[in-house]
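Dear colleague,

I am handing over the structure below, together with some notes on what was found in it. Please read the notes with the structure open beside them.

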Amino acid sequence: NVVITTAHDFQPILYPQFTFDHDATLKDRLLLRLVLYSRFKSTLGSDYLICNSTQTKEEAIRLGFEKDKIFVANLGVDKRFFKSTKLKNNKNRFTVGYLGAMKKRKNLEFSIRAANLINDKGIFFEIWGKKEYEYEYLKSIGKNKNIQFRGFAPENKIVDIYDSFDVFIFPSYHEGFGMPIIEAQSRGLPVIIYKYGKIPKEVRKYCFEAKSPEHMVQIIEQLKENGYNEKERKKAMEYARSFTWEKTAKETLEVYKKVLKQ
């Protein structure tokens, strides 16, 4: 039998410092590492790998997997993100938004510290995600009254939530792919990431890259003052919409055909 495994990332092995939240106990750390290591060891024991990005492929090679037995099939964006974008109704409110998990790996602390530096009362930070993991810690360090924790984002409201933002922030330390980035860009939003975060090159292509919380503030204020360049917005949106599940399925099928011929 031939085993082909799809790998999304190898972050817990290569960058364990991003895995554990602030309140994780020693027991939590040992148990999680035990589970994760056994899982990734199993993945690396496969005959072939399908990686969701070039970065994940490079990580597999670093861990000793044969380069010639690794294929890349990028993930896709759901078609609901391709419908016509909406104009915001509230012109007096400039919303900087995040949608995702509140884990340490997501580096939301970076954005909270940026928000704390903003004095403009018209700039609001909306953070959408389950109230778990780093939630209590993040709330404790948020000093700007315009930081709003909105809770879980219902699946049927996600497109509308993106459309309520003026800017999308996604400052992760590490992503195997970074789906929210291309979802936001598909809706025509400017996206700010952490410059030194490990985000696949094919996903970070049209992102603004913040070196520090202070730099993120500068980018946000410039976008509020000058708007998002329409030419760049269209380029990013068209590029993001080129990531389709049909393309993912086709590339995955091609891998199986190649393996079967060998």
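To begin with one side chain, Glu209 is partly exposed, its relative accessible area being 24%. Please bear in mind, here and in everything that follows, that this is a predicted model.

Glu209 meets the side chain of Lys195 in a salt bridge, with a distance of 3.8 Å from N to O. This pair links distant parts of the chain, since Glu209 belongs to strand β9 (residues 208-210), whereas Lys195 lies in the loop between β8 (191-194) and α8 (201-204), and the two are 14 residues apart. Lys195 likewise counts as partly exposed, at 32% relative accessibility.

A search of the whole structure for such pairs finds 16 salt bridges, and I describe some others here. In general, side chains of opposite charge can pair when their charged atoms come close. Glu232 and Lys235 meet through their side chains in a salt bridge of 3.4 Å, N to O. Because these two residues are three apart in helix α10, about one helical turn separates Glu232 from Lys235. Glu232 has a relative accessible area of 32% and is partly exposed, while Lys235, at 34% relative accessibility, also counts as partly exposed.

Another salt bridge joins Lys69 to Glu66, where the closest N and O atoms are 3.8 Å apart. Lys69 has a relative accessibility of 29%, which means that this residue counts as partly exposed. Elsewhere, Asp78, Arg80 and Glu155 are linked in a network of salt bridges.

Two packed helices are described by the angle between their axes and the distance between the axes. Helix α7 (residues 179-186) packs with helix α10 (residues 230-240) at an angle of about 125°, and their axes are 8 Å apart. At that angle, α7 and α10 are therefore oblique to each other, and α7 passes α10 in a left-handed crossing. On the α7 side the contact is made by Ile182, Gln185 and Ser186, and on the α10 side by Ala236, Met237 and Ala240.

How values were computed: Residues numbered from 1 in each chain as written. Predicted model: local features only at pLDDT ≥ 70, side-chain atom pairs only at ≥ 80, totals over all residues. Heavy atoms only, no water. Axes fitted to C-alpha atoms, helices over the stretch in contact; angles between N-to-C directions. Helix = DSSP H or I, 4+ residues; strand = E, 2+ residues; numbered from the N terminus. Parallel < 35°, antiparallel > 145°, perpendicular 65-115°, else oblique. Left-handed = near helix turned anticlockwise from the far one by under 90°. Contact = heavy atoms within 4.5 Å. Salt bridge = Lys/Arg side-chain N within 4 Å of Asp/Glu carboxyl O. Buried < 20%, exposed > 50% of the residue type's maximum accessible area, 1.4 Å probe, protein only.
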